Amino acid sequence: MSAFIDTNILVRHLTGDPAPMAARATAFLGSATCLLLADLIVAETIYVLESFYEAPRTQIAEAIRSLLAFDAIVTVDPALLLRAVEVYETARIDFAEAYLVACAESTGINKVASFDRSIDSVHTVKRIEPPES
């Protein structure tokens, strides 16, 4: 069976909360053969773990890596997601910006147009801003 997987299954599995749903989610992940994980769902999972569960960044990064390691989990570009998680964890920037950095790196564009100066902490890309008039 192939299916796209939603954030709530991943969060239940990772947090164990609530226990009955978590057990079902974990069993499902363990028995599935092909679950398609969209990049947006990774971002939402990180957001929920940060905001609602107040999980530490290193724990979140490790949790996402563990999800990507499941045999049944399929993503469009696993290397891109792993790099985004690495930037998120090490540069300590929001996942959306980390994802943009990883995209800029992987395409060779190496530039991100943004007012967010946190991107400046990643030296593999250059942040550019729209010019003032």
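Reply: Buried residues make up 35% of the 133 residues in the protein, where buried means under 20% relative accessible area, exposed over 50%, and partly exposed in between, with a 1.4 Å probe and protein chains only. This is a predicted model, in which local features need pLDDT of at least 70 and side-chain atom pairs count only at pLDDT 80 or more, while totals for chains, interfaces and linings use all residues. Residues are numbered from 1 along each chain as its sequence is written, and side-chain values use heavy atoms, with hydrogens and water left out.

The protein has 6 helices and 5 strands, which are DSSP runs numbered from the N terminus (helices H or I, at least four residues; strands E, at least two). Their order from the N terminus is β-α-α-β-α-α-β-α-α-β-β. The C-alpha trace spans about 55 × 30 × 25 Å along its principal axes. Of the contacts between residues at least 6 apart in sequence, 48% join residues at least 24 apart; contact means heavy atoms within 4.5 Å.

Now the core. In soluble globular proteins, nonpolar side chains tend to be buried together. A nonpolar core here is a set of buried Ala, Val, Leu, Ile, Met, Phe, Trp, Tyr and Cys residues joined through side-chain atoms within 4.5 Å. The largest such core has 33 residues, and those touching the most other members are Leu10, Leu37, Val42, Ile46, Ile64, Phe95 and Val101. At least two core residues come from each of α3 (39–51), α4 (57–69), α5 (78–91) and α6 (95–107). The largest share, 6 residues, is that of α5.

With 7% relative accessibility, Phe95 counts as buried. Apart from neighbours within four places in sequence, Phe95 is in contact with Val42, Ala43, Ile46, Leu81, Ala84, Val85 and Tyr88.

Next, the rings. The structure holds 3 aromatic pairs; rings of Phe, Tyr and Trp (its six-membered ring) pair if their centres lie within 6.5 Å, and planes under 30 degrees apart count as stacked, over 60 as edge-to-face and the rest as tilted. The rings of Phe52 and Tyr53 have centres 4.9 Å apart and planes at 80°, so this pair is edge-to-face. Phe52 is exposed at 64% relative accessibility, and Tyr53 is partly exposed, with a relative accessible area of 25%. The pair of Phe95 and Tyr99 is tilted, because the ring centres are 6.2 Å apart and the planes are at 45°. Both residues lie in helix α6, 4 residues apart, about one turn of the helix. Tyr99 is partly exposed, with a relative accessible area of 23%. Ring pairs link Tyr88, Phe95 and Tyr99 into a cluster.

Finally, a loop residue. Val122 sits in the loop between β4 (111–113) and β5 (126–128) and counts as buried at 7% relative accessibility. Neighbours within four places in sequence aside, Val122 is in contact with Val87, Ala91, Ile93, Val101 and Glu105. Between Val122 and Arg83 there are 39 residues of sequence separation and 12 Å in space, C-alpha to C-alpha.
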